[in-house]
Amino acid sequence: MIKIRVLLLCGVCWNLLFADDSREGFFASIAIGKHETEAKEKGNTLLTIKGTTTSIHAGYGLSNTVQLYFARETNWISPEYTSYTFSDNLDALGVVAFCGEYIYVKGAIGTSKTYPIAIPKDISTGKGYLLGFGYEFSNNIALEANLLELRWSEAIRDKNKIDISELEALTRSLRFLF
């Protein structure tokens with residue numbers, strides 16, 4: 001919880017100190033919200049998980065309507081669902097396109113990782129993508145909805161110590177971006 005508070009404070013400070021009215025040039029942003037994730041194996045839903053989602057973006061605005069960015073998308077999964085607190089990540093390159101003054105769509109593709117926080121060496125890797133849309137209330141403050149799909153082909157241990165291969169996670173999230 002302390003990491004999330006520090007992340008929020010850093011994002012607010014960044015925007016207060018360096019943000020202007022233009023979407024052009026370098027930018028950094030963070031987001032926090034809630035996610036609902038369906039963990040699936042070969043198309044069958046194993047369980048539905050709810051938790052916190054965070055995101056860090058850094059990129060460059062090519063114009064007032066197009067931005068390119070690198071992102072770390074993270075879903076936090078509590079021990080309520082698994083043996084440990086898990087972190088599901090997507091490290092991705094993406095693009096944001098504004099469709100009018102306030103509405104935007106976004107997409108990203110990259111590599112995914114999942115691992116228990118207590119055992120960071122026990123990592124499963126794969127691929128993933130993100131699709132989303134948002135509404136920018138004012139400069140650097142937005143509300144967005146995203147669909148994130150992550151796939152791993154390596155074994156992961158669940159709460160019952162069962163090996164699961166070809167696991168995928170389909171995440172729906174609503175979050176506040178600043």
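A polar contact is a pair of N or O atoms within 3.5 Å; within protein, one must be able to donate a hydrogen and the other to accept it, and residues adjacent in sequence count only if both atoms are side-chain atoms. The model is predicted: local features need pLDDT of at least 70, side-chain atom pairs count only at pLDDT 80 or more, and totals for chains, interfaces and linings use all residues. Residues are numbered from 1 along each chain as its sequence is written, and side-chain values use heavy atoms, with hydrogens and water left out.

**Exercise 1.** State how many helices and strands the protein chain has, and in which order they come.

Solution.
Step 1. Helices (H or I, at least four residues) and strands (E, at least two) are DSSP runs, numbered from the N terminus.
Step 2. The count is 1 helix and 10 strands.
Step 3. Along the sequence the pattern reads α-β-β-β-β-β-β-β-β-β-β.

**Exercise 2.** Decide whether His57 is buried or exposed, and find the polar contacts of its side chain.

Solution.
Step 1. Locate His57: this residue lies in strand 2, residues 44-61.
Step 2. Buried means under 20% relative accessible area, exposed over 50%, and partly exposed in between (1.4 Å probe, protein chains only).
Step 3. His57 has 3% relative accessibility and therefore counts as buried.
Step 4. The His57 side chain makes a polar contact with the side chain of Ser55 at 3.4 Å, and another with the side chain of Glu73 at 3.3 Å.
Step 5. Contact means heavy atoms within 4.5 Å. Leaving aside neighbours within four places in sequence, the residues in contact with His57 include Phe27, Tyr69, Lys106 and Leu177.

**Exercise 3.** Which residues of the largest nonpolar core touch the most other members?

Solution.
Step 1. A nonpolar core is a set of buried Ala, Val, Leu, Ile, Met, Phe, Trp, Tyr and Cys residues joined through side-chain atoms within 4.5 Å.
Step 2. The largest such core has 17 residues, and Tyr69, Leu90, Tyr104 and Leu130 touch the most other members.
Step 3. Several strands each supply at least two residues of this core, among them strand 1 (25-41), strand 3 (66-77) and strand 4 (86-98).
Step 4. Beyond its neighbours within four places in sequence, Leu90 is in contact with residues including Ala71, Gly110, Leu130 and Leu148.

**Exercise 4.** Describe how strand 6 and strand 7 pair.

Solution.
Step 1. Two strands pair if DSSP finds at least two bridges between them.
Step 2. Strand 6 (residues 124-138) and strand 7 are antiparallel, over 12 bridges.
Step 3. Gly134 stands opposite Glu144 in strand 7.
Step 4. The hairpin of strand 6 and strand 7 has 2 residues between the strands, and Asn140 takes a positive phi near 70 degrees there.
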